[in-house]
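Open the structure in your viewer and keep the selection panel handy.

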Amino acid sequence: MNIVVCVKYVPDAQGDRHFEADNTTDRESVDGLLSELDEYAVEEALKLVESGDGEVTVLTMGPEDAAAALKKALQMGADKAVLVTDEAIAGSDSVATSLVLAEAVKKIGGVDLVLTGLASTDGSMSVVPAMLAERLGLPQVTFASELTVEGGSVRIRRDSETDSQTVEASLPAVVSVTDQINEPRYPSFKGIMAAKKKPVETWSLADLGVDASQVGLDAAWSKVEAVQARPPRTAGEIVTDEGEGGRRLAEFLASRTFV
Amino acid sequence: MAEVLVLVDHVDGDVRKSTAELLTAAARLGEPSAVFVGAGADAAKETLARHGAAKVYRLESADLTDHLVAPVAEALAQLVERTSPVAVLLPSTNEGKEIGGRLAIKTSSGLVTDAVDVRPGAAGGVQTTQSVFAGSYTVTASVTKGSPIVTLKPNSVPVEEAAGAAAEEVVDVQVSDGAKAARIVERKEKTASGRPSLTEAAIVVSGGRGTGGDFGPVEAFADALGAAVGASRAAVDAGWYPHSSQVGQTGVQVSPQLYVAAGISGAIQHRAGMQTSKTIVAVNKDPEAPIFELVDFGVVGDLFTVLPQATDEVNARKG
Ligand SMILES: Cc1cc2nc3c(=O)[nH]c(=O)nc-3n(C[C@H](O)[C@H](O)[C@H](O)COP(=O)(O)OP(=O)(O)OC[C@H]3O[C@@H](n4cnc5c(N)ncnc54)[C@H](O)[C@@H]3O)c2cc1C
Ligand SMILES: Nc1ncnc2c1ncn2[C@@H]1O[C@H](COP(=O)(O)O)[C@@H](O)[C@H]1O
């Protein structure tokens, strides 16, 4: 089974994330890493291939530094990697991202399963997987908390606030996985050494036949007009419980008419 | 006046509160038209009319409900084509966002997800407000391309009642085979907890690792306040509370009037799910816990003494 895992290189959520002057996410001053939620997709791909056969290709679209996300996935055990990078890509929205990723999946070719994370930890829209399915004309099987692949079809469990669904489709398909599905492995020493020899291809938009006018900040179908740091919350009142803490709490709630 | 399509979120015709919020927001942009998919439209009609729906499109084909996301996106695209709405508003659920994403591509329209506000744009289209990076930034965006598609977070827009005609039209939808590729083969409704739903509740009381697995005081306090109960991931991972109650980046995102965090440290991933709450209260033994940076009122103390005392006091005040 040939699996492509889409992974994103994101600013570390523990860092002090901010915006650039042009209102795009600052990807320079905060350390980047493989989006934690995409590790679950990499892990699931590795498990599927280990229990059968095939190959795992990790794919990212981003700045050159995004190679670091691919490296981590290769260290975990993926077989090869593709980085789509191009100056024109900067500032792309999910519409453009899904276009580029879809074209890259087609160019990789012969793909049985496209795996993605639940959401990118920076944009966290959770829409790229659905958009990818739309663009590739493949079944969309998203938010999987359990996944089985058997006899050319895929079956998942998808939970919502109101119900739990079992969804089935035939391969090839686009599947996104949640952080409930597995426990991602840490790269082993062997994995780290092996990753150095694994092939990483770098593609430009031209390699994919995508016109630069279709991506990037200027092509975005929605425009960010302003970003504003939220004013720091005015320091609240903090009391130490010396026997009256609960009553003080109830008084506060009553003063705000919650009681 | 131009139409605004609003996708109704419902369980068998029982309309969720977020739909009333969408209809209220839609009325600022144009004339709200409710799009009702599945069975139960008769039961829903009164609620939709009361919140200003001028029209109700009824889409009843089983093709729409037996398959994941794609058929509804296709049906909405057909409606967009026909009605050229000024905007399409969807609930910010996983499904709402996915439908929005596919619809954006099908109709070449701009998309904004997880908006907390929406209004007419200065240069046409719509303008939205979002809260990003775990609530540390507010982003204003405008969408002018196509029929702007916006998913709105629950509890963002105060509901206003307004009489609408709710004129019904049964829409005959054509679902392609391609859109029927992902079949829902089984569906288990979650058993109701008897408490308000987490995303709709005006008050949420959440417990974390600090409960040590005993959610009793958290639940009792929640019940005194008529609140929903949430949990941190640490509590969920320990098996103390179901995953559907997890608040945070990879759980549910809530935005209630009041959020109470008990025995929760306030990790960035937890904040991502509650930081837009209007009033925040915490009870934690550790005065250094990061959650105290967010609170309007905090008690440094043991939740096993503070919460029961607060519960008694609340119950006493209610009389
Ligand atoms: C990819 C990813 C996604 C994540 N998504 C989420 C998410 O969606 N939601 C989420 O919540 N977390 C999420 N997390 C986990 C998050 O990083 C934290 O680990 C988690 O929120 C911690 O839960 P906690 O605050 O209950 O536990 P802890 O951090 O252990 O805090 C427990 C707190 O309880 C206090 N305490 C202990 N005993 C008492 C007592 N008797 N009375 C009062 N206070 C007491 C302690 O002082 C402490 O502050 C995610 C992590 C990752 C890596
Ligand atoms: N630039 C990107 N490169 C590769 N994969 C991506 C990219 N952006 C999003 N994805 C994938 O799509 C998923 C959902 O992203 P999002 O819709 O941005 O929340 C992520 O978990 C990734 O698997």
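Select chain B. Nine helices and 17 strands make up its secondary structure; helices (H or I, at least four residues) and strands (E, at least two) are DSSP runs, numbered from the N terminus. This is a predicted model, where local features need pLDDT of at least 70, side-chain atom pairs count only at pLDDT 80 or more, and totals for chains, interfaces and linings use all residues. Residues are numbered from 1 along each chain as its sequence is written, chains are lettered from A and ligands numbered from 1 in the order written, and side-chain values use heavy atoms, with hydrogens and water left out.

Stay on chain B and show its C-alpha trace. The trace spans about 60 × 45 × 40 Å along its principal axes.

Next, select E8, E9 and E10 of chain A, plus E12 of chain B. They form an open sheet of four strands, in the order E8(A)-E9(A)-E10(A)-E12(B), with antiparallel pairing. Two strands pair if DSSP finds at least two bridges between them. At the edges are E8 (146–150) of chain A and E12 (183–189) of chain B, each pairing on one side only. From one strand to the next, the twist averages 15 degrees (axes are lines fitted to C-alpha atoms; angles run from 0 to 180 degrees between N-to-C directions).

Zoom in on E10 (residues 163–170) of chain A. Six bridges join E10(A) to E12(B), in the antiparallel sense. Find A:Asp163: opposite stands B:Glu189 of E12(B).

Now select ligand 2. Which residues come nearest? Of the 19 around ligand 2, they are A:Cys6, A:Asp38, A:Ser120, A:Ser126 and A:Val128; a residue is near if one of its heavy atoms lies within 4 Å.

A polar backbone atom of A:Cys6 is 2.6 Å from an oxygen of ligand 2. For A:Val128, a backbone N or O atom lies 2.9 Å from a ligand 2 oxygen. At A:Val7, a backbone N or O atom is 3.3 Å from a ligand 2 nitrogen.

Finally, colour the shell by element. E4 (55–61), H3 (94–108) and H4 (128–136) of chain A each supply at least two residues. E4(A) gives the most, with three residues.

Note on methods:
Polar contact = N/O pair within 3.5 Å; in protein donor to acceptor, adjacent residues only side chain to side chain.
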